[in-house]
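Q: Could you take a close look at the aromatic rings in this model, and then walk me through what sits around them? Cut-offs included, please.

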Amino acid sequence: MSEAASRLPAGDGVDLEARQRLIAEALKAHGAGEDADDTEADGAAAAEAEPASAPAASGPAASAAKEGKKSVRNIEFELRMVNPYIVCELCAGYFISAHTISECLHTFCKSCIVKHLTTNNTCPTCQIVVHETNPLDKIRPDRTLQAVVYKIVKNLAEDEKARMDKFWADRGEGEGGPKRTRASSTDKTDKPPLAKTRRVEPVDQISFVLELYDEKQDAVEQDEKVTNLEKPFIRTSSRATVTHLKKFLAKKLRLDSPDDVDILCRGEVLGREFTLEFIAKTRWRQERDRQLVLKYRPKVDFDPI
């Protein structure tokens, strides 16, 4: 207890001015500042009721105690004000499993954007090229935006769950779709340990036709060495490049150099670094239901302009 507080007089017959002075000294001693000009009756009662040695509250706790518990304020707005930000441009419905294109940050429903990128490699909104060969690798789930949509659109999450349950129920599955079960330890049978073998990663294969380019309207001079292949149907790794095809032709046709031939797809001369996968997904995209056809011809040197 401070010296000023210990001298605090009590009783009804005490000089009121002396009591105020001593209260001010006690508050100042505890860092409350010079706030002794508060109401007389309340200040005296507080000084008599509380020990002078109790430290004065400060910081956020003190302000919270003074202001009391703040009431939660609800914000109301018309849903049409935020519709442009939570509606998918492809289906014109609210986002379900929102996915964002990492290249341009435009968002769509997962099912909508996957279906679009199966036959296109550009963003539906800004037409930017998402990826030349694998546009699906450039979309990411936007869980924060989806949570916001479920918060502000009433019953959207419940309705979507009901539709999903009905979808799986119509196909003989239980609620929520097929469940993945993990095999228990009791199901394991005692088998002899397998010999350690080197793991070989599977390589995607691609089939195509490689035939002689014989468009008469181009008036290309035919080289006697550049003839039709005996077996034009080829199946190989999708990672093979045009350079590999040129080397293959040079060996089969007994050419002096792999650079003596050009490889074409739909009339376009292909670059040496193009892979078969890249060609199929970019140059053959419009005819994906047909067998990939590549053509070759003697190299044409174009005169510089």
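A: A search of the whole structure turns up two aromatic pairs, where rings of Phe, Tyr and Trp (its six-membered ring) pair if their centres lie within 6.5 Å, with planes under 30 degrees apart counting as stacked, over 60 as edge-to-face and the rest as tilted. For reference, buried means under 20% relative accessible area, exposed over 50%, and partly exposed in between (1.4 Å probe, protein chains only).

The other pair is Phe274 with Phe278, which is tilted, at 4.9 Å centre to centre and 55 degrees between the planes. Both Phe274 and Phe278 are buried.

Before going on, a word on the ground rules. This is a predicted model, so local features need pLDDT of at least 70 and side-chain atom pairs count only at pLDDT 80 or more, while totals for chains, interfaces and linings use all residues. Residues are numbered from 1 along each chain as its sequence is written, and side-chain values use heavy atoms, with hydrogens and water left out.

Rings also meet charges here: the charged end of Arg297 sits over the ring of Tyr213, 5.5 Å from the ring centre. That label needs NZ of Lys or CZ of Arg within 6 Å of the ring centre and within 35 degrees of the ring normal.

Next up is strand 8, residues 292-298. Helices (H or I, at least four residues) and strands (E, at least two) are DSSP runs, numbered from the N terminus. Six of the seven residues of strand 8 are buried, so the strand is largely enclosed by the rest of the structure. Strand 4 (residues 205-212) runs parallel to strand 8 and is joined to it by five bridges; Phe208 has Leu292 as its bridge partner there. Strand 6 (residues 261-265) runs antiparallel to strand 8, with four bridges, and Leu264 is partnered with Lys295. Two strands pair if DSSP finds at least two bridges between them.

Last, the cysteines. The structure holds zero disulfides, a disulfide being a pair of cysteine sulfur atoms within 2.5 Å. For Cys91, the nearest cysteine sulfur is that of Cys112, 3.7 Å away. Cys91 is partly exposed at 39% relative accessible area, whereas Cys265 is buried at 1%.
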